[in-house]
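Student: Hi! Could you walk me through this model with me asking as we go?
Tutor: Happy to, let's have it up on the screen.

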Amino acid sequence: MKAQILHSKLERYVNGKSMPAETRQIQAWLSCTSTDAQLSPEQRSLLELEILQEIQAYTAYPLFFPKKEKPWWQKIAALF
Amino acid sequence: MSRIYSTDQTLIDRLSLNDTEAFEELYRRYWNSLYLYCLKKLLTSEDAKIIVRTIFINIWETRHSLPVSFSLSKHLYEEVRKTVVQCLSQKLSDATNESYIEKRLLAEFSVQSLLAARKPVTKKYTVINKPSELIRQQAGQTGTEHYSTLTTVKWMFQSLTDKLSLTNILSYPKN
């Protein structure tokens, strides 16, 4: 298949105008998750924080809805 | 992260009340699987990050208008697939991604590879005619000494009778 044909197929799929066979083909590709890539714990925590910070920067929710200060007994309980 | 497990529905209910902790809990629950899926499909970490970010920003911004029977996992499943196709369509229109398109994408979209992906996973079953052989094999793999089942049962029975006789002696009434 040529890249141009695939591009037009994807365009039709995005616009909801694709043929049933094209839809099945794209959905088969989307459902194909044969190999599992995994992140290392360090990478994972770094990425998690990075994306969350980007979300926070975009939505600015910590500014509008700041976290409530936890009572002292909950802080102590969290240590155990 | 809270130590008490809350269901998605509870967290979504809290999210509609502007609970940021609930939002972050939902994010921590699902970001990794979304990211890995996008990474597998698009091969670039930057695109994967953008997609995850966009999906969660949309959830935050539409938190007040979520339907009552909202299923987050279903929503994420649909959104990630839709966004991946949109991103892929943009990549195809961009001339700088030619190597990725030539090497990977067109090969993945070929009929043969899609058919291969649709085949059900076949598990390899081994027929065990003699259980003792399997035990011997496992013992060989782990480097432990092999005992047959009969020997093990005999040994257990012997130790049991020894213990019973010992308890009988101890509890025997002194009349």
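Student: Are B:Trp31 and B:Tyr35 buried or exposed?
Tutor: Both B:Trp31 and B:Tyr35 are buried, where buried means under 20% relative accessible area, exposed over 50% and partly exposed in between, with a 1.4 Å probe and protein chains only. Keep in mind that this is a predicted model, in which local features need pLDDT of at least 70 and side-chain atom pairs count only at pLDDT 80 or more, while totals for chains, interfaces and linings use all residues. Residues are numbered from 1 along each chain as its sequence is written, chains are lettered from A and ligands numbered from 1 in the order in which they are written, and side-chain values use heavy atoms, with hydrogens and water left out.

Student: Okay, and how do the rings of B:Trp31 and B:Tyr35 pair up?
Tutor: B:Trp31 and B:Tyr35 make a tilted aromatic pair, 5.9 Å centre to centre with 50° between the planes. For such pairs, rings of Phe, Tyr and Trp (its six-membered ring) must have centres within 6.5 Å; planes under 30 degrees apart count as stacked, over 60 as edge-to-face and the rest as tilted. Since B:Trp31 and B:Tyr35 are four residues apart in helix α2 of chain B, about one helical turn separates them. Helices here are DSSP runs (H or I, at least four residues), strands are E runs of at least two, and both are numbered from the N terminus.

Student: How many aromatic pairs does the structure hold?
Tutor: Nine, over all chains. One of them joins B:Tyr27 and B:Phe56, edge-to-face at 5.2 Å centre to centre and 80° between the planes. B:Tyr27 sits in helix α2 (residues 20-42) of chain B and B:Phe56 in helix α3 (residues 45-61) of chain B, so this pair ties together parts that are 29 residues apart in sequence. B:Tyr27 is buried at a relative accessible area of 0%, and B:Phe56 is buried at 1%.

Student: Which residues form the aromatic cluster?
Tutor: One cluster takes in A:Tyr61 and A:Phe65 along with B:Phe23, B:Tyr27, B:Trp31, B:Tyr35, B:Phe56 and B:Trp60.

Student: Chain A shows up there, so let's do the interface. How many residues are in contact?
Tutor: 40 residues of chain A are in contact with 38 residues of chain B, contact being heavy atoms within 4.5 Å. The area buried between the two chains is about 4000 Å², and carbon and sulfur atoms give 69% of that. Buried area is the accessible area (1.4 Å probe) that two parts lose on being put together, summed over both. In chain A, the residues that lose the most area to chain B are A:Trp29, A:Leu30 and A:Phe65, together 19% of what that side buries.

Student: And how many salt bridges go across?
Tutor: The rule finds three between chain A and chain B, a salt bridge being a side-chain nitrogen of Lys or Arg within 4 Å of a carboxyl oxygen of Asp or Glu. A:Glu48 forms a salt bridge with B:Arg28, with the closest N and O atoms 3.1 Å apart.

Student: What does B:Glu24 touch?
Tutor: Not counting residues up to four places away in sequence, B:Glu24 touches A:Leu52, A:Gln56, A:Tyr61 and A:Lys67. The B:Glu24 side chain also makes a polar contact with the side chain of A:Gln56, at 3.2 Å. A polar contact is a pair of N or O atoms within 3.5 Å; within protein, one must be able to donate a hydrogen and the other to accept it, and residues adjacent in sequence count only if both atoms are side-chain atoms. B:Glu24 lies in helix α2 of chain B and counts as buried at 4% relative accessibility.

Student: Switching topic: where is B:Asp8?
Tutor: B:Asp8 is in helix α1 (residues 8-15) of chain B and, at 19% relative accessibility, counts as buried. The side chains of B:Asp8 and B:Arg29 are joined by a polar contact of 2.8 Å. B:Asp8 and B:Leu72 are 64 residues apart in sequence, yet 7.1 Å apart in space, C-alpha to C-alpha.

Student: Last one: how many helices and strands are there in chain B?
Tutor: Chain B has eight helices and zero strands, and buried residues make up 33% of its 175 residues.
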